[in-house]
Amino acid sequence: MKTGHFRLKSKLNEVFFIKPNDLGNKTLTRFFKSSTSFLKTMPFIIVIPLSFFSALILYVIFGKLIVKAVSLLQYGF
Amino acid sequence: MDFKDIIAGFLTSLIIVFKRYFQLIFIPYKTMRKISKEKDYVQIFIILTLIFIYFRFSEIVKYGRFSSIPLFSIFLIQLIFTCFFFFFLSSFFTKNLKFKAFLFTFTYSLFPTYLWFLLNSWLYIILPPPRTMSFLGKGFSIFFIAFSISILVWRVILFYLAVRFSSKLSFYKITFMIAAYLFLIIPYSYALYYFKLFKIPFL
C-alpha cells in the first residue's frame, strides 16, 4: 500500500513537473493541446505519411529541382 | 571503486543511452521529461563519442574534406553555445534553473541529426550522388525528401521539448527564444557553408 502511494506520488510529481501550457485563450489552448497530443506519443504515425505527401507535393511543384536538391543534400553530410 | 564497477557503470549508461534513443522515437514527451532530470554524465560522454565516431567515418567516406577533429570541435562549441544561449535567456524568466538539464536534453535531442547524417553517409556509399532524372532517380528523390522531412519534424519536436523541460517556460516564451536562436544560427550556418566546413550544419 505504502509502495503504491509512493509510486502515485512520484508519478504525479513527474507529470506536474512543469505547468501546463496556457496560450491565453481557452479555444486556442484547447486547439494547441489537441493538436500536440499526437506528437507526444508515436509521432511518426502522423509524421511519416505527411512527409511523403509533402514530398510528392514538392515534386509536383518543383519537379527537376527536387532531384537536384536531393543530390545537394546527399553531398551535405 | 574497482575496474569491474567502472565497466558495469559504463555498460549501464550505454544501455540507458540506447534505451532512451529507442524511446525518443515512440514516446518523445515522456522520455525528454525523464532526460531533463538525468545526472549521469557518462551518457553525455557516450553520445559525444558516437558523434565523434560518425565524424571519423564521414572523413573516410568523403576523402579530401576537413579533418574530423576540427569539425567535431566546431560541433562541440555549437552544442555548448546552444545550452548557454537558452540557459541565459531562460534565466530572465525563471529562477532555479539547472544548466545540467539543458546539457542533457540538448545532447539527447541531437539524435535525429546524428541519425540523418549517419544514414546519409551510408547512402552516399550505397547510392552515390548525383541523382538522375530516371524513374528510379525520381522515386529515390521523393523517398529521400520524405525521409529528410520526417527527421526534421522529429528534430523540431525534440528541440522544442528540450527547451520546454529544461527551461520550464510556456509556449510563447519558447517560441521567442527559438526565433532569437534561429536569428543567430542562420547566418552562422551560411558562414560554415561559405568556408566549406559544413554544407549542412550538424545542429
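This is a predicted model: local features need pLDDT of at least 70, side-chain atom pairs count only at pLDDT 80 or more; totals for chains, interfaces and linings use all residues.
**Figure 1. The contact between chain A and chain B.** Chain B contributes 35 residues to the contact, and chain A contributes 32 residues. On the side of chain B that touches chain A, helix H1 (3-26), helix H2 (28-35), H6 and H7 each supply at least two residues. The largest share of this side comes from H7(B), with 14 residues. Sorted by class, the side of chain B that touches chain A holds 22 nonpolar, eight polar and five charged residues.

**Figure 2. Helix H4 (residues 64-74) of chain A and its buried residues.** The buried residues of this helix are Ile66(A), Val67(A), Val70(A), Leu73(A) and Gln74(A). They line one face of H4(A), because their directions, seen down the helix axis, fall within an arc of 120 degrees. An α-helix has 3.6 residues a turn, so residues three or four places apart point the same way. On the other side of H4(A), Lys64(A) and Leu65(A) are exposed. The cover over the buried residues of H4(A) includes helix H3 (44-62) of chain A, and H6 and H7 of chain B also belong to this cover.

**Figure 3. The packing of H6(B) against H7(B).** The axes of these two helices come within 8 Å and cross at roughly 160 degrees. Angles over 145 degrees count as roughly antiparallel, and H6(B) and H7(B) are therefore roughly antiparallel to each other. Their crossing is left-handed. From H6(B), the residues Pro112(B), Thr113(B), Leu115(B) and Trp116(B) take part in the contact. They meet Ser148(B), Ile151(B), Trp154(B), Arg155(B) and Leu158(B) of H7(B). By class, the contact of H6(B) with H7(B) comprises six nonpolar, two polar and one charged residues.

**Figure 4. The packing of H5(B) against H7(B).** Here the helix axes lie 9 Å apart, and the packing angle is about 165 degrees. H5(B) and H7(B) are therefore roughly antiparallel to each other. H5(B) passes H7(B) in a right-handed crossing. The residues of H5(B) in this contact are Ala101(B), Phe102(B), Thr105(B) and Phe106(B). Their partners in H7(B) are Ala162(B), Phe165(B) and Ser166(B). The contact of H5(B) with H7(B) has five nonpolar and two polar residues, and no charged residues.

**Figure 5. The cis peptide bond from Pro129(B) to Pro130(B).** The omega angle of this bond is near 5 degrees. Pro130(B) is placed in the loop between helix H6 (111-126) and helix H7 (135-167) of chain B.

**Figure 6. Asn96(B), a residue other than glycine with a positive phi.** The phi value of Asn96(B) is near 55 degrees. Asn96(B) occupies the loop between helix H4 (68-90) and helix H5 (99-108) of chain B. A residue with 12 or fewer other C-beta atoms within 10 Å counts as exposed; Asn96(B) has 6 and is therefore exposed.

**Figure 7. Lys168(B), which has a positive phi although it is not a glycine.** The phi of Lys168(B) is about 60 degrees. Lys168(B) is found in the loop between H7 and helix H8 (171-194) of chain B. Because Lys168(B) has 18 C-beta neighbours inside 10 Å, this residue counts as partly exposed.

Conventions
Residues are numbered from 1 along each chain as its sequence is written. Chains are lettered from A and ligands numbered from 1 in the order in which they are written. Helices (H or I, at least four residues) and strands (E, at least two) are DSSP runs, numbered from the N terminus. A residue is buried if 20 or more other C-beta atoms lie within 10 Å of its own, exposed if 12 or fewer, and partly exposed in between; C-beta atoms are placed from the backbone. Two residues are in contact if their C-beta atoms, placed from the backbone, lie within 7 Å. Ala, Val, Leu, Ile, Met, Phe, Trp, Tyr, Cys and Pro count as nonpolar, Asp, Glu, Lys and Arg as charged, and the others, Gly among them, as polar. The arc is that of the directions from the helix axis to the C-beta atoms. Axes are lines fitted to C-alpha atoms, for helices over the stretch in contact, and angles run from 0 to 180 degrees between N-to-C directions. Angles under 35 degrees count as roughly parallel, over 145 as roughly antiparallel, 65 to 115 as roughly perpendicular and the rest as oblique. A crossing is left-handed if the near helix is turned anticlockwise from the far one by less than a right angle, and right-handed if clockwise.
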